[in-house]
Amino acid sequence: MDSSKSDRRFSWAGFEVVNSPNFNDRPDDSIIDCIVLHSTVQRTLQDTVTLFLDPASKVSSHFVVGKDGTVVQMVSLTKRAWHAGVSCLDGVDSVNDYSIGIEMTNMNDGVDPYPDKQYLAVAEIIRRCRKSYDIPDRRIVSHAKIALPQGRKNDPLGFDFDKLKKLLAK
Ligand SMILES: [Zn+2]
């Protein structure tokens, strides 16, 4: 008998859940109002899930999105995932405190493509997050934009934010 299926759990939004140990509480006064997009610099979704399950890695994100559009939720939205590092957006530090992190499987070399299924999955995650949180388009940002010191990160390289925002407008 295949017991693996009955062990699978799903989040509030219907995404598969694999709980990462790498999170902590958000500050009491934090208001979730932005989304940070990353690329994993790893070849497969499973590689990233494995990394985020390792307490020694000290990294995580709320969602990981495979190239085929598979979504795994690894941290509850009410908790603080560890994806942005030292960071600042619109003058407010510690973006992890008030953001939702989405990691997309991609090598971040500027050549590796983001397939349409991946764009559609990211748009779907954002749509569902917007049912609970007020996240304006201008606060859907790259890790490159918020990482400090500037230039520390360049991901998600090659990702088309205009294309994503067009999908969100549909
Ligand atoms: Zn990143």
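**Close-ups of a predicted model**

**View 1. Leucine 51, a partly exposed residue.** Leucine 51 has 18 other C-beta atoms within 10 Å, so it counts as partly exposed; the cut-off for buried is 20 or more. Keep in mind that this is a predicted model. You'll find leucine 51 in helix α2. Skip its neighbours within four places in sequence, and leucine 51 is in contact with Ser57 and Val59. Leucine 167 is another matter: 116 residues separate it from leucine 51 in sequence, and the C-alpha to C-alpha distance is 30 Å.

**View 2. Zooming in on β5 and β10.** These two strands run parallel, with three bridges joining β5 to β10. Look for phenylalanine 63, which stands opposite isoleucine 102 in β10.

**View 3. Helix α3 and its buried side.** With 14 residues, α3 reaches 20 Å from its first C-alpha to its last, close to the 20 Å expected at 1.5 Å a residue. Which residues of α3 are buried? They are Gln118, Ala121, Val122, Ile125 and Ile126. Those residues sit on the same side of α3 because they cover an arc of only 135° around the axis. What do they pack against? The buried residues of α3 pack against β4, β5, β6, β10, β11 and α5 (161–169).

**View 4. The largest nonpolar core.** In soluble globular proteins, nonpolar side chains tend to be buried together. Here the largest nonpolar core has 29 residues, and the ones touching the most other members are Ile35, Val36, Val65, Val71, Ile102, Val122 and Ile125. Two or more residues of this core come from each of β4 (34–39), α2 (45–53), β5 (63–65), β6 (71–73), β10 (99–104) and α3 (116–129). Take valine 71: not counting residues up to four places away in sequence, valine 71 touches Phe15, Phe63, Val65, Ala121 and Ile125.

Conventions:
Residues numbered from 1 in each chain as written. Predicted model: local features only at pLDDT ≥ 70, side-chain atom pairs only at ≥ 80, totals over all residues. Core = buried A, V, L, I, M, F, W, Y, C linked by C-beta atoms within 7 Å. Buried ≥ 20, exposed ≤ 12 C-beta atoms within 10 Å, placed from the backbone. Helix = DSSP H or I, 4+ residues; strand = E, 2+ residues; numbered from the N terminus. Contact = placed C-beta atoms within 7 Å. Pairing = 2+ DSSP bridges. Expected span 1.5 Å × (residues − 1). Arc of directions from axis to C-beta.
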